[in-house]
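The structure is shown first.

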Amino acid sequence: MIKPRECHLNDDMLSCCEMMRPMDRVESRCHLDWWANSVTLLASVEIAVVIAAADTGWAAEGCLISDDQEERDGFAFLCDMDPVFILRFDDESTITVTVHPPADNRRFVLTEYTGPAHRPINHRVTI
């Protein structure tokens, strides 16, 4: 099995796209993957993302492709539990991002996650 290569949008993706044609913006469909641990992919949602060059490197905004309310609710639940996802492109390149969703969970902002690779998650569900 080939391990997906990791990339950093401010280095690899934007410069790669600039080589193809001059631009300061990339629009793509990709997936946000939420991993429960290093071997368990708990959820994957398809999104549309716009990545643009910014003074600090890059800025990204996304939205869920699906209009299914159950999928939107599940996405909101995961963002509430831990907003760190793996942004996965069609070529299997990835970057770890933090999702900053608004109240309606339609459009959201993505920022590069710079925290520790392993972190505890404390979330309690009251029934």
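1. Of the contacts in the protein chain with a separation of 6 or more, 49% are between residues 24 or more positions apart; a contact means heavy atoms within 4.5 Å. This is a predicted model in which local features need pLDDT of at least 70 and side-chain atom pairs count only at pLDDT 80 or more, while totals for chains, interfaces and linings use all residues. Residues are numbered from 1 along each chain as its sequence is written, and side-chain values use heavy atoms, with hydrogens and water left out.

2. The protein chain has two helices and six strands, arranged along the sequence as α-β-β-β-α-β-β-β. These elements are DSSP runs numbered from the N terminus: helices are H or I with at least four residues, strands E with at least two.

3. The six strands close into a barrel with antiparallel pairing, in the order S1-S2-S3-S6-S5-S4; strands pair if DSSP finds at least two bridges between them. On average, neighbouring strands are turned by 45 degrees against each other, direction ignored. H2 packs on this sheet, touching S1, S2, S3, S4, S5 and S6, and its direction makes about 80 degrees with that of S2. Axes are lines fitted to C-alpha atoms, for helices over the stretch in contact, and angles run from 0 to 180 degrees between N-to-C directions. Between the antiparallel strands S2 and S3 there are eight bridges, and Ala48 stands opposite Cys63 in S3.

4. The largest nonpolar core holds 21 residues, of which Leu32, Ile47, Phe75, Phe85, Leu87 and Leu110 touch the most other members. Such a core is a set of buried Ala, Val, Leu, Ile, Met, Phe, Trp, Tyr and Cys residues joined through side-chain atoms within 4.5 Å. The largest share, four residues, comes from S2. Leaving aside residues up to four places away in sequence, Phe75 touches Leu32, Val45, Leu64, Phe85, Val99 and Phe108.

5. Arg72 lies in helix H2 and counts as buried at 6% relative accessibility. Buried means under 20% relative accessible area, exposed over 50%, and partly exposed in between (1.4 Å probe, protein chains only). A polar atom of the Arg72 side chain lies 2.8 Å from the backbone oxygen of Ser66.

6. Glu92, in the loop between S4 and S5, has a positive phi of about 75 degrees although it is not a glycine. Glu92 is partly exposed, with a relative accessible area of 36%.

Key. Polar contact = N/O pair within 3.5 Å; in protein donor to acceptor, adjacent residues only side chain to side chain.
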